[in-house]
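Subject: Structure handover

Hello,

Here is the structure you asked to take over. Please open it first, then read the notes below.

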Amino acid sequence: MTGQNTNENRDTFSDEDADGTLTTTPNNEEQMPLLSSEAVQEAPLQSNSVPNLAKRLTPLLGLILAMVCSLFGVYLLYVLFHIPGIVVSLRDNQPELVAASLIDITDDSLLFSASMRFSRWKRAPLTVPFANVTIFHESEMVGWISVNDMEVIGGNVDLTVYEVFHIINQRAMERMMRETVAQRRIAVDALTVVDMSGFGRLLPTISTRRTVILDLPHALPTFNYTITGVSGPSVDEARGGVTTKATVHVNKPDLRLSANINALRYDICFQNITIASAKVGPINGDTDDSVDIPLVFNIKTIGSSEHESALASMAQMAASGQGINISVTGADPNTYSSAPTWLRKALHGILLSVDTGRFDLPTSNITFVDSLIKEVVVERMFAYWDSSSGFNPWVAVSGQTTIQLPNTSGANFTFEIESLVPHMELLDNNNRVFATVDTPTIPLRMKQTAPMTFVASCDFEHLGLNVVSDREGQFTRMMHQALVDRHLQLGVNSTVDIVLSTSIGKIHIDALPFYTRVDHIFGPHGHEVHENNSQITLKPPVSASGVPEIIISRMHIANTTKDHVLLEIDIGINNPYSYGVHMSDLALYVSYSDLRIAKVGFKELSISQGSNKATIFVDFYNHPNDPRQRMLFLDASSGKNMTIEVSGFPNCTSIAPLEASLREFSQKITIDMSQFKGGNRDNSKNDTFILAFPKVLREVIFHLFSVSVEATVVNPVSGAGIWLQAIEAVGYYKTTIPLGTLGYNFMLDPARHSSASTNGLLLPFNQAITTPRLPITANETSIGWDVLRRAIGGTLDVDVFTNIQVLVGNAQFNVTAMGKNAPVKIRL
């Protein structure tokens with residue numbers, strides 16, 4: 001039976017042909033034995049039991065396979081069951097980066113820390129046993145990072161990790177960083193291996209590889225920064241050029257990011273010329289809101305004409321308000337070793353274009369420009385303006401000024417102007433050109449006398465103002481606004497040809513653009529509102545006395561009426577300074593306490609260094625009954641400060657633009673009357689101004705026995721008769737000790753003097769007239785008599801308060817005056 005079964009089984013078995021196909025052998029054909037007869041005889045039992053064993057094991061194997069498939073299906077269902085939860089958890093619980101810090105950078109690693117918060121995590125705490133990320137760039141492995149036992153907890157609990165990114169290929173790392181910065185995007189392949197058992201037991205470790213592309217923002221974050229601890233710029237003996245050191249204090253609100261990076265070096269280029277280098281760092285930052293970054297900035301010495309041209313172009317662009325496009329790249333990696341090799345090489349291969357127009361440089365604590373000017377010395381100045389050149393006045397000026405810049409940083413470098421030639425236009429409030437300024441033939445120069453101290457000098461022979469045709473109205477309005485409204489507004493648009501001599505070399509800059517708006521408000525007395533510490537000095541020749549003198553040589557009354565006296569005054573001006581003026585004509589009203597007292601002017605005035613002559617016309621308005629006129633004479637004679645007001649009027653000058661501007665002009669002027677001295681010239685004091693009047697009162701004698709006084713008077717005014725009609729006077733010694741009083745009416749006793757008439761005592765022109773002895777009412781105190789007795793035979797200085805009634809031609813004046821220290825001879 002066993003054999004029968006064997007034969008039956010053989011009928012169903014297949015043989016394999018030589019070509020590899022399976023063929024079936026018919027039952028009635030004789031088959032070749034599979035074994036030799038000897039083998040069959042030796043193992044008949046084995047050959048007969050194999051098919052039988054297989055037949056018996058087939059159900060068992062099927063059962064086992066079914067069980068395995070069932071288990072795998074259940075496991076697969078288990079995994080599929082967790083996938084939605086994993087996806088939802090990862091999608092809805094993206095971590096929030098709380099803080100990050102780059103701790104250390106080496107050639108083969110990046111050590112960093114990060115704090116993350118899963119504030120939306122609603123599941124139970126989760127532990128990821130293992131995760132590994134390997135970064136590839138252009139199919140080359142860059143490096144990898146591995147994290148073990150990372151625990152995710154919800155709420156406000158931070159997850160802080162300290163990990164190392166291991167750099168496997170420095171060349172790939174360098175290339176990745178360089179392309180990331182150049183293209184503003186990160187493009188890498190990330191192979192991620194994560195143990196998922198933290199999401200559920202028996203979940204597998206999964207591995208994924210995907211391309212990660214992340215575009216970087218083109219706009220850099222905005223940081224508030226201040227520059228502190230500035231040292232320099234100073235000449236750098238070691239590196240050459242000029243070096244400045246500083247600390248940049250950067251505020252980074254809302255960004256708890258930090259880094260510890262050793263010093264990096266950069267080259268700054270413009271037009272493919274390396275103009276400067278910078279050393280930034282080391283940066284030792286933490287996660288605070290600010291960080292201090294050391295900075296060393298070195299401006300290179302000019303090494304070629306192209307280098308000089310590049311600096312000149314930068315100056316022109318900066319002056320015109322344009323942003324300067326500079327290139328920043330890492331320095332040659334072989335020149336320093338403070339950073340990893342791959343980082344130095346990557347920075348050297350990165351070329352960043354920086355537009356300086358995007359940066360707002362700090363401008364606080366910049367001193368007002370006038371306070372920088374310590375002294376202005378005018379060595380020569382002459383202004384010319386007449387009716388024929390009404391819209392083309394010109395000035396010649398030479399002088400120098402000392403400019404001292406703050407030097408709190410200890411700067412020590414050379415910066416001198418060998419030549420500066422401006423080409424200027426003046427603009428109105430609508431930025432339209434209304435005038436040009438002549439180009440000086442001799443350039444302005446500036447020498448450096450000490451660190452940050454400079455002396456600028458100029459010598460302009462003919463600097464003319466040329467008003468543009470059809471723009472005369474703008475020029476007139478500008479002058480009117482300056483003179484009447486006390487507000488000077490105009491624009492100055494110019495180009496400057498300049499040659500600089502500096503510690504880095506000589507720089508020629510042609511057509512350097514310059515524009516500024518002049519907007520000055522003048523105070524009530526003509527001074528600018530802001531304080532100015534500079535002092536303007538008019539420098540006289542060494543041989544001169546330094547004191548200008550105005551000497552009245554002639555006073556002539558051209559006409560008189562009851563209400564006014566027209567007076568012509570010839571003056572000699574001794575001008576020791578190298579400055580002057582020429583003006584065709586000008587007249588102004590003069591008022592005192594709102595009382596118009598005179599019109600003063602000249603027909604032609606030309607003053608230069610040395611002796612000069614001029615004629616002043618004074619039309620004096622008489623107000624005999626107005627007490628303000630008496631106060632005018634009293635203030636003028638007291639030697640104190642006196643305030644008058646000058647004002648213009650229609651046709652006050654033949655210079656058209658000046659006349660239009662002065663019609664509504666009014667200016668109060670305070671005069672120090674102590675600067676005006678009568679009688680003989682006295683240059684012994686260092687007065688800034690002396691006006692020498694002809695000596696009118698020649699001699700005063702007090703007779704002690706008769707208690708009377710007589711005076712010798714010389715009238716210096718020609719053209720009309722002057723009569724002394726009455727006098728009242730009180731004398732004081734040392735201001736407070738009364739000596740006596742005088743009261744005399746020359747019109748009531750004409751018989752006492754041959755020259756007297758009904759109009760009083762006549763004072764002929766240029767003749768010495770002695771008054772009769774005028775009785776004095778002596779003071780009854782013994783102090784006054786003691787003073788007089790001790791002065792017998794000598795001279796006593798007396799303060800005299802006087803009220804005199806004078807008839808000048810047809811005009812009668814009441815003059816109140818105060819004479820200080822009048823010499824009185826005391827005789828018996």
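A salt bridge here is a side-chain nitrogen of Lys or Arg within 4 Å of a carboxyl oxygen of Asp or Glu. By that rule, a search of the whole structure gives 15 salt bridges. Please keep in mind that this is a predicted model.

Salt bridges

Side chains of opposite charge can pair when their charged atoms come close. Arg380 is partly exposed, at 23% relative accessible area.

Asp428 pairs with Arg432. Their closest N and O atoms are 3.3 Å apart. Asp428 is buried, with a relative accessible area of 8%. Arg432 counts as partly exposed, at 37%.

Arg663 and Glu659 form another salt bridge, with 2.8 Å between the closest N and O atoms. Arg663 is partly exposed at 45%. Glu659 is buried at 7%, because buried means under 20% relative accessible area. There is also a network: salt bridges with shared partners join Glu138, Glu140, Arg171 and Arg175.

Backbone points

Most residues other than glycine have a negative phi, and most peptide bonds are trans. Here are some exceptions.

- Ser139 is not a glycine, yet has a positive phi of about 70 degrees. Look for Ser139 in the loop between β5 (126-137) and β6 (140-152). Ser139 is exposed, with a relative accessible area of 67%.
- Asn431 is not a glycine either, and has a positive phi of about 60 degrees. Asn431 is in the loop between β21 (415-427) and β22 (433-437). Asn431 is partly exposed, at 47%.
- The peptide bond from Gly232 to Pro233 is cis, with omega near 5 degrees. Pro233 belongs to strand β10 (residues 224-235).
- The bond from Gly281 to Pro282 is cis, also with omega near 5 degrees. Pro282 falls in the loop between β14 (273-280) and β15 (283-284).

One more residue

Which residues does Arg210 touch, leaving out those up to four places away in sequence? They are Val188, Asp189 and Ala190. Arg210 lies in strand β9 (residues 205-215). Ala190 is 20 residues from Arg210 in sequence, but the C-alpha atoms are 5.6 Å apart. Arg210 is exposed, with a relative accessible area of 55%.

Best wishes

Technical notes
Residues numbered from 1 in each chain as written. Predicted model: local features only at pLDDT ≥ 70, side-chain atom pairs only at ≥ 80, totals over all residues. Heavy atoms only, no water. Helix = DSSP H or I, 4+ residues; strand = E, 2+ residues; numbered from the N terminus. Buried < 20%, exposed > 50% of the residue type's maximum accessible area, 1.4 Å probe, protein only. Contact = heavy atoms within 4.5 Å.
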